[in-house]
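Have the viewer open and follow along.

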Amino acid sequence: MSCYAGEHGTITLPSGQAPLLRKALTDAAEKRIAALAVETATAWDRLKKLSPTRRGRLDTWDQVFDGINQDAIWLMQRYDSKTGRGVWARPTQKQIRESVVTRHKDHSGATATVYHVGSEASITLRGNTITWDVPENNHAPERAANHPLAVVLFDFLSRV
């Protein structure tokens, strides 16, 4: 049964808690980056064994990707603007890292760290303020809450 929902919330952490949360999230992000690097390497090794014709017809749910995390598979998809078709490419370490964590400055000049929770949700840490954002989609809050970074966030918040 479909369940379209989203979530959004902002919390100001008590003094001294933001660095602890940042460390916990960064440690979890590094583990996630390492896991994605291994999974994309495994998937790429499987793809290289296929003929270019077979590779060109693959979908993300093909059995060649059995046991590979969906986030790793999505990292390998590219769009070729010349042909208008999808192509497969091995992601760089930078692309893998940026799929998990990025830093940017907002309009006020404050730096924010954004932890990407899969392809849909995000955790934004700006100073002592943490924002959880899950745009509306089918079962998006449930999928996001089960992500390793979200587990670390909610575990930390339950103890603060």
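Strands here are DSSP runs of E with at least two residues, numbered from the N terminus, and two of them pair if DSSP finds at least two bridges between them. The model you are looking at is predicted.

Let's begin with the overall layout. The sheet is open and contains five strands, arranged in the order 1-7-6-5-4 with antiparallel pairing. At its edges lie strand 1 (4-12) and strand 4 (101-105), each of which pairs on one side only. On average, neighbouring strands of the sheet are turned by 20 degrees against each other, direction ignored.

Now to strand 5, which covers residues 111-117. Five of its seven residues are buried, so strand 5 is mostly covered, where buried means under 20% relative accessible area. Five bridges link strand 5 to strand 4, and five bridges also join strand 5 to strand 6 (residues 121-126). In both cases the strands run antiparallel.

| Residue | Opposite residue |
|---|---|
| Histidine 104 | Alanine 112 in strand 5 |
| Histidine 116 | Serine 122 in strand 6 |

What takes a positive phi in the hairpin of strand 4 and strand 5? That residue is glycine 109, with a value near 90 degrees, and the hairpin has five residues between the strands. Strand 5 and strand 6 form a hairpin as well, with three residues between them. In that turn, glycine 118 has a positive phi of about 70 degrees.

Methods. Residues numbered from 1 in each chain as written. Predicted model: local features only at pLDDT ≥ 70, side-chain atom pairs only at ≥ 80, totals over all residues. Heavy atoms only, no water. Helix = DSSP H or I, 4+ residues; strand = E, 2+ residues; numbered from the N terminus. Axes fitted to C-alpha atoms, helices over the stretch in contact; angles between N-to-C directions. Buried < 20%, exposed > 50% of the residue type's maximum accessible area, 1.4 Å probe, protein only.
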